[in-house]
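Walk through this structure one region at a time.

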Amino acid sequence: MFKKVLVSEDLGSISNGIISTLEMLHIDNFQKVQYCDDAYLKIKKAFQSEQPFDLLITDLSFVADHRQQKYTSGEILIKALKQEYPTLKIIAYSVEDRPQKVRNIMLESKANAYVCKGRNGLKQLEEAISAVYKGQPYLSPQIGNVLRKTATPEIDDFDIEMMKLLANGFSQDEISQHFKDRNINPNSLSAIEKRIIKLRTNFSAKNATQLISIAKDLGLI
Amino acid sequence: MNAHRFSFLFFLAASVFLSLKGYSQQKDSTRYYYNKMVHPTQSSDIPIAIQYYTAQSEKNQSEHNYYEAIKGLRLISIGQFEIGNIYDSESAAVQAIALIENSSHTDTLIESRVGLYNQLGKIYRASDQSEKAIEAYNLALQFSRTTIDSMTLINNKATIYKDSKKYQKALEQLELAFQKKNSNLHPQQLAMVLDNLGYVQSKLNNPNALPNLNRALHIRDSINDLLGIYSSNKSLAIYYWERNEKQMAHSFANKAYNAASSLNSLTYLKDALSLFAIMDDNPNIVQFKTISDSVSTQKQLAQNKNALLRYNVEKEQKNTATAQLQQEKERRQKLLYMSLGIFTTLLAAFIIILLKFRHKKEKIRQVYNTEARISKKVHDEVANDLYHIMVKIQSNTPSKDEVLDDIENIYNKTRDISKENSAVEVSENFTEQLSDLLLSYKNEQTAVITQNISKMNWKVISDIKKITIYRVLKELMTNMSKHSQAPLVVVSFSQEKNKINIAYSDNGIGCHIKNKNGLQNAENRIQTLKGSIIFESKPNEGFKAKITF
């Protein structure tokens with residue numbers, strides 16, 4: 001398990017929650033900071049004295065106060081640290097669950113895990129620490145699919161045209177022929193078949209007839 | 001009715017009569033002043049006539065009635081000459097000639113032109129400018145078409161030479177005039193030419209002098225030309241006096257005196273009597289005559305000079321006044337433009353300030369609205385729920401999990417409110433951002449499908465529009481997840497350059513669109529950017545929205 005952990009969190013009650021989780025995992029060597037700048041300095045100092053931290057658990061949003069900060073947010077801190085100390089593992093622990101933000105933290109700033117604060121936040125944090133320790137990335141379940149591309153099924157003009165032809169009573173063979181005549185790709189029978197099956201899945205339609213009925217209701221055709 | 005008609009007819013007749021009377025009155029006054037000018041009986045006649053004609057000619061000029069204006073100016077020139085205002089006379093004549101030159105029908109004004117040049121000749125003769133006088137007569141001759149005019153003009157020209165004692169030149173001119181003679185037609189002119197010819201010849205000791213002088217007298221006698229008879233007798237008296245034939249000279253001088261007496265003119269009487277002074281035996285009287293002549297000549301010259309000076313001063317004053325008037329006019333115009341400019345600037349500034357003020361007010365209003373909305377949400381969703389939990393805990397003892405569930409619910413609601421109103425950062429990849437947004441509403445019950453979202457070119461769309469699109473779609477989706485129970489949502493995008501169409505469509509339970517309070521906000525957002533949003537829904541027929549920017 002991790003030997004030395006730094007917790008960067010400006011709200012005492014939350015950092016206490018984190019610490020209780022760490023204690024549950026029998027991690028005794030931890031330190032707490034309330035400012036990003038402090039976190040950066042501590043990590044730097046530890047590396048220089050060859051007693052580096054293994055893990056940083058950081059919030060993303062810090063309330064601005066009288067102290068002028070170089071690193072104003074967890075996002076900037078993670079990015080800077082990951083560039084300087086790529087071996088340091090970092091878990092972002094935040095209320096923020098907007099996919100764009102999560103994606104930025106994971107892909108741009110290169111955090112190792114992202115845990116959303118919430119009812120089950122601490123449980124997820126525990127899972128995240130274990131996963132990161134094993135070298136695996138971790139995302140809270142509610143944001144589990146943000147890194148996967150083609151998340152929303154997209155249809156295009158070709159699909160619309162195809163459904164229009166179906167609605168006009170064309171068979172799949174005829175549709176294929178229709179596109180061939182007009183030099184529109186794809187036009188092979190198998191490709192048409194696949195597209196229709198995909199559409200049926202997207203629209204949760206049992207058959208082509210229901211697909212057309214739904215598309216009509218939605219005003220697509 | 002009858003009475004009315006009668007009165008109308010009466011009115012008509014009366015007005016015709018009055019206008020005729022007015023017309024004839026004007027005609028009459030012209031004739032009246034013409035007579036005053038040409039045949040004055042009192043010393044005030046000519047100045048009055050000049051005043052009248054000056055006004056008339058100015059009026060005619062402003063009305064472009066140049067024919068009448070020229071006629072008036074010519075009469076003014078004659079009148080001014082008669083009362084000794086030589087330079088005013090010249091000015092009027094020159095002005096008239098200029099009008100003729102500029103006139104389109106120069107041909108019909110030849111007679112006026114000849115007359116005006118003749119008048120100018122007379123003016124220059126009187127002011128001792130013989131060369132200019134000759135020039136004027138030459139110009140008049142150019143336009144003269146009748147023998148009688150030509151004869152008179154040549155004769156006048158000769159008189160100038162005679163005055164300056166250039167007798168040879170005068171003789172040439174008079175012989176030329178004599179050749180033009182048509183004795184039967186113009187005896188008066190012929191006699192005039194012959195008289196002058198005889199006088200000049202006598203000065204040159206030409207033997208034809210006496211016959212010519214006699215012939216002139218004979219013609220004048222035959223037509224009873226009293227003025228002519230006086231001149232002829234005077235010429236003959238001088239002729240004989242110069243040849244020392246005193247008896248003959250005295251006899252003609254007496255005849256001249258008689259003619260002058262019958263002319264009833266003091267000028268001529270004085271002239272006739274001066275003949276006796278010349279012929280007097282007493283040298284003192286002769287000397288008196290010579291001296292008084294030269295004194296009056298000197299006086300005349302001084303007067304002319306003075307008149308010229310006065311005229312120039314008047315002209316200068318007039319020019320100055322005109323310049324001042326022009327200056328005043330320009331100053332006023334400048335002032336007008338300036339005040340117009342200032343007015344426009346002020347107006348523009350006022351409008352700008354007004355618009356700014358209204359814009360500011362609108363902004364403040366929107367801020368207030370947003371604040372009110374958030375406050376209402378906090379009250380409705382958070383405060384109410386918290387109160388419920390408080391009541392629940394007070395009335396019975398729920399399990400820890402139950403309380404936690406309730407609190408988590410509230411926690412999520414507060415986060416939703418926060419997210420809803422947090423700033424939207426438009427990222428580089430707006431398609432992904434939108435896609436994420438739509439995806440966040442996908443769950444086991446609801447599938448979200450996009451159409452052509454990856455084909456959008458967001459770079460040409462302004463950030464404010466992107467933010468609005470984001471917020472409006474979010475509101476639509478939130479509305480959907482709350483109320484529609486729709487299994488399927490399709491959001492279609494299309495774009496023509498920087499014009500965007502977004503169509504939202506679900507197959508949920510739909511609703512009656514009466515008070516779209518939940519969507520009023522979306523509508524406001526779109527309208528602020530001059531876009532449009534159309535909602536369409538019926539129970540059990542889903543919900544549709546069309547956004548156009």
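Chain B averages a pLDDT of 84, and 93% of its residues score at least 70. Here pLDDT is the predictor's confidence in each residue, from 0 to 100. This is a predicted model, in which local features need pLDDT of at least 70, side-chain atom pairs count only at pLDDT 80 or more, and totals for chains, interfaces and linings use all residues. Residues are numbered from 1 along each chain as its sequence is written, while chains are lettered from A and ligands numbered from 1 in the order in which they are written. The model scores ipTM 0.76 and pTM 0.52.

Helices (H or I, at least four residues) and strands (E, at least two) are DSSP runs, numbered from the N terminus. Over residues 1–6 of chain B, pLDDT stays under 50. The model has 0 contacts beyond four places in sequence for that stretch. Residues 8–23 of chain B also stay under 50, again with 0 contacts beyond four places in sequence. Two residues are in contact if their C-beta atoms, placed from the backbone, lie within 7 Å.

Now the interface. Here 19 residues of chain A are in contact with 26 residues of chain B. On the chain A side, the elements that give two or more residues are α4 (99–108), β7 (154–155) and α9 (208–217) of chain A. By class, this side has 9 nonpolar, 5 polar and 5 charged residues. Ala, Val, Leu, Ile, Met, Phe, Trp, Tyr, Cys and Pro count as nonpolar, Asp, Glu, Lys and Arg as charged, and the others, Gly among them, as polar.

Strands also pair between the chains. β7(A) and strand β1 (residues 447–451) of chain B pair in the parallel sense over 2 bridges. Two strands pair if DSSP finds at least two bridges between them. A:Ile155 stands opposite B:Gln451 in β1(B).

Within chain A, look at strand β1 (residues 4–8) of chain A. Of its 5 residues, 4 are buried. A residue is buried if 20 or more other C-beta atoms lie within 10 Å of its own, exposed if 12 or fewer, and partly exposed in between, with C-beta atoms placed from the backbone. β1(A) runs parallel to strand β2 (residues 29–33) of chain A, joined by 5 bridges. A:Val5 stands opposite A:Phe30 in β2(A). The chain crosses from β1(A) to β2(A) through helix α1 (residues 12–24) of chain A, and this β-α-β crossover is right-handed. That means that, with the strands pointing away from the viewer, the path from the first strand over the helix to the second runs clockwise. β1(A) also pairs with strand β3 (residues 55–58) of chain A, in the parallel sense over 4 bridges. There, A:Ser8 stands opposite A:Thr58.

Finally, the cores. A nonpolar core is a set of buried Ala, Val, Leu, Ile, Met, Phe, Trp, Tyr and Cys residues joined through C-beta atoms within 7 Å. Of the 73 residues in the largest one, B:Ala96, B:Leu174, B:Val193, B:Ala237 and B:Ala256 touch the most other members. Helix α9 (residues 187–203) of chain B gives the most to this core, with 8 residues. Apart from it lies another core, of 41 residues, among them A:Ile196, A:Ile214, B:Ile453 and B:Phe493.
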